[in-house]
Amino acid sequence: MLEGTFWLCPAASDKTSSWRYSRNVLLPALPMDTTWSFIIDSSLMEWNYGEYEGLTPQQIQAKRPNWLIFRDGCPGGETPRQVATRVDQVVARARAADGDVALFAHGHVLRVL
């Protein structure tokens, strides 16, 4: 039985997919007598890609050979340390929660978790 708190990325721009997915997957699975809540947490927002927003890894590497997001970050966006700090805050809040916690977010930020 699913009980507890479900932490989601904020519903903003194309990031609404996490909200729709979690709502469509979780709500039908939750019994009516289950205690639960949803928290929209901006700390789960996907990596800020800055100047690389909308580019594929191949397009970025054509400009910057050997680029890796987890090492190099994104100019005009976030560094790996900034994302890790943000995600560490989520982990601390999840550990302090009373009950189970499910986190819904996006690719790169989930890999940092």
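Q: How many helices and strands does the secondary structure of the chain come to?

A: In this predicted model, the chain has five helices and three strands, and read along the sequence they follow the pattern β-α-β-α-α-α-β-α.

Q: What makes a set of residues here a nonpolar core, and which of them have the most contacts inside it?

A: A nonpolar core needs buried residues of kinds such as Trp, Tyr, Ile and Cys, joined through side-chain atoms within 4.5 Å. The largest such core has 13 residues, and those with the most contacts inside it are Trp-47, Tyr-49, Tyr-52, Trp-67, Ile-69 and Cys-74. Helix H4, residues 80–96, gives the most to this core, with three residues.

Q: Which residues does Tyr-49 touch, not counting those up to four places away in sequence?

A: Tyr-49 touches Ile-69, Cys-74, Pro-75, Gly-77 and His-108, and a touch of this kind requires heavy atoms within 4.5 Å.

Q: Which residues lie nearest the centre of the largest pocket?

A: They are Tyr-49, Pro-57, Ile-60, Trp-67 and His-108, out of 14 lining residues, and the space in this pocket is about 230 Å³. Helix H2 gives the most to the lining, with three residues.

Q: How do the residues of this lining divide into nonpolar, polar and charged?

A: The lining has nine nonpolar residues, four polar and one charged.

Q: What share of the chain is buried?

A: Buried means under 20% relative accessible area, and buried residues make up 32% of the 113 residues in the chain.

Methods:
Residues numbered from 1 in each chain as written. Predicted model: local features only at pLDDT ≥ 70, side-chain atom pairs only at ≥ 80, totals over all residues. Heavy atoms only, no water. Buried < 20%, exposed > 50% of the residue type's maximum accessible area, 1.4 Å probe, protein only. Helix = DSSP H or I, 4+ residues; strand = E, 2+ residues; numbered from the N terminus. 1 Å grid on protein atoms, 1.4 Å probe; cavity = no way out; pocket = protein on both sides within 12 Å on 5 of 7 lines; lining within 4 Å. Points joined across faces, edges and corners; volume = space filled by probe spheres on them. Nonpolar A, V, L, I, M, F, W, Y, C, P; charged D, E, K, R; others polar.
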